[in-house]
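Biologist: I'd like a close look at one part of this model, please. Could you walk me through the opening helix and how it sits in the chain?

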Amino acid sequence: MNKYEESYKNISTYKNLLNMCGKSMMELKELVEKETPKMVIIAKYSGTYIPPKCSVCGNSILNYGQHYCEDCGHKLDYPNEDENQMRLL
Ligand SMILES: [Zn+2]
């Protein structure tokens with residue numbers, strides 16, 4: 001392998017590494033976003049219980065307090081109990 005070929009090979013390896021790094025960063029960003037809790041959407045109480053909804057995909061959360069959405073896998077957050085009690089009164 002002459003010096004030109006060697007340089008070309010080194011540069012393309014470097015370029016591939018940069019691409020891989022960029023891809024990993026995107027994947028990591030996606031994971032960080034998914035692990036950041038999002039507040040569920042709670043419908044106003046109107047006589048019948050309506051389960052909260054995932055604010056990312058709109059899926060109904062059947063087990064109040066579950067940590068992750070079954071549909072999109074996003075981490076969920078709930079209003080604290082006191083606020084919730086106030087809402088029901
Ligand atoms: Zn969801």
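Modeller: Confidence first, since this is a predicted model: the protein chain has a mean pLDDT of 90, and 90% of its residues reach 70 or more. Strand β2 (residues 76–77) comes out highest, at 97, while helix α2 (residues 81–88) is lowest, at a mean of 57. Now to your helix. Going from the N terminus, the elements run α-β-β-α, for two helices and two strands in total, and α1 covers residues 3–35. Across the protein chain, buried residues make up 4% of the 89 residues. And for contacts between residues at least 6 apart in sequence, 29% join residues at least 24 apart.

Technical notes
Residues are numbered from 1 along each chain as its sequence is written. This is a predicted model: local features need pLDDT of at least 70, side-chain atom pairs count only at pLDDT 80 or more; totals for chains, interfaces and linings use all residues. Helices (H or I, at least four residues) and strands (E, at least two) are DSSP runs, numbered from the N terminus. A residue is buried if 20 or more other C-beta atoms lie within 10 Å of its own, exposed if 12 or fewer, and partly exposed in between; C-beta atoms are placed from the backbone. Two residues are in contact if their C-beta atoms, placed from the backbone, lie within 7 Å. pLDDT is the predictor's confidence in each residue, from 0 to 100. The expected span of a helix is 1.5 Å times one less than its number of residues.
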